[in-house]
Amino acid sequence: MNKKLMNIGFVVLCAVILIVLLKAPPETTKKTPRDKTHENPREYQNCPTCHQSGAEGPKMKADHIDSAGNLKSDHVKCYMCHKEQR
Ligand code: HEC
Ligand code: HEC
């Protein structure tokens, strides 16, 4: 294959990847408030205690909990989605 053609192909591929990344929707998941309680996002074991129904914090979205009432395994690490506010 022609080397010049390969280079053009590479540049086009890079442009396509860049456009896809730039068009990604903005991050909308709520960030954790900037206060003492939310200081350490790695302490995710404690997060549910304040964020289930009846607790002091705003309730987690229903999709965080499975039908048995337990936290879904892919929602355990809150900080993966709820980023820290800077
Ligand atoms: C001691 C209780 C407590 C603990 C522990 C706690 N939170 Fe909170 N959280 C609150 C309260 C109260 C609020 C609402 C008041 C505020 O905005 O400061 C809140 C607000 C939030 C919000 C914002 C919700 C919104 O509507 O804006 C997120 C996201 C959140 N917490 C996630 C977490 C995560 C992740 C953890 C674990 C690292 C955690 N919380 C641990 C009490 C707690
Ligand atoms: C897979 C990603 C993901 C994980 C992990 C996750 N959440 Fe969420 N959470 C969301 C999304 C998406 C929403 C709905 C959009 C929003 O309001 O932020 C939400 C909503 C919430 C809300 C309600 C915010 C409001 O004001 O309505 C709270 C509170 C919350 N999550 C707490 C937690 C806690 C505590 C954990 C860990 C036990 C956790 N989340 C783990 C994605 C996630």
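Begin by selecting ligand 1, which is surrounded by 20 residues, the closest being Pro33, Cys47, Cys50, Gly57 and Cys78, where a residue counts as near if its C-beta atom, placed from the backbone, lies within 6 Å of the molecule. This is a predicted model, in which local features need pLDDT of at least 70 and side-chain atom pairs count only at pLDDT 80 or more, while totals for chains, interfaces and linings use all residues. Residues are numbered from 1 along each chain as its sequence is written, and chains are lettered from A and ligands numbered from 1 in the order in which they are written.

Colour the shell around ligand 1 by residue type and you will find eight nonpolar, eight polar and four charged residues; here Ala, Val, Leu, Ile, Met, Phe, Trp, Tyr, Cys and Pro count as nonpolar, Asp, Glu, Lys and Arg as charged, and the others, Gly among them, as polar.

Asp63 is twelve residues from His75 in sequence, and their C-alpha atoms are 9.1 Å apart.

Now zoom out to the whole protein, which has two helices and zero strands, these being DSSP runs numbered from the N terminus (H or I and at least four residues for helices, E and at least two for strands). The C-alpha atoms fill a box of roughly 65 × 30 × 20 Å along the principal axes, and 2% of the 86 residues count as buried.

Select helix H1, residues 3-22, whose 20 residues reach 29 Å from first C-alpha to last, close to the 28 Å expected at 1.5 Å a residue, that span being 1.5 Å times one less than the number of residues. Since the number of buried residues in H1 is zero, this helix lies largely in the open.

Finish on Leu5, which lies in helix H1 and is exposed, with 9 other C-beta atoms within 10 Å. From Leu5 to Lys77 the C-alpha distance is 46 Å, across 72 residues of sequence.

Notes: A residue is buried if 20 or more other C-beta atoms lie within 10 Å of its own, exposed if 12 or fewer, and partly exposed in between; C-beta atoms are placed from the backbone.
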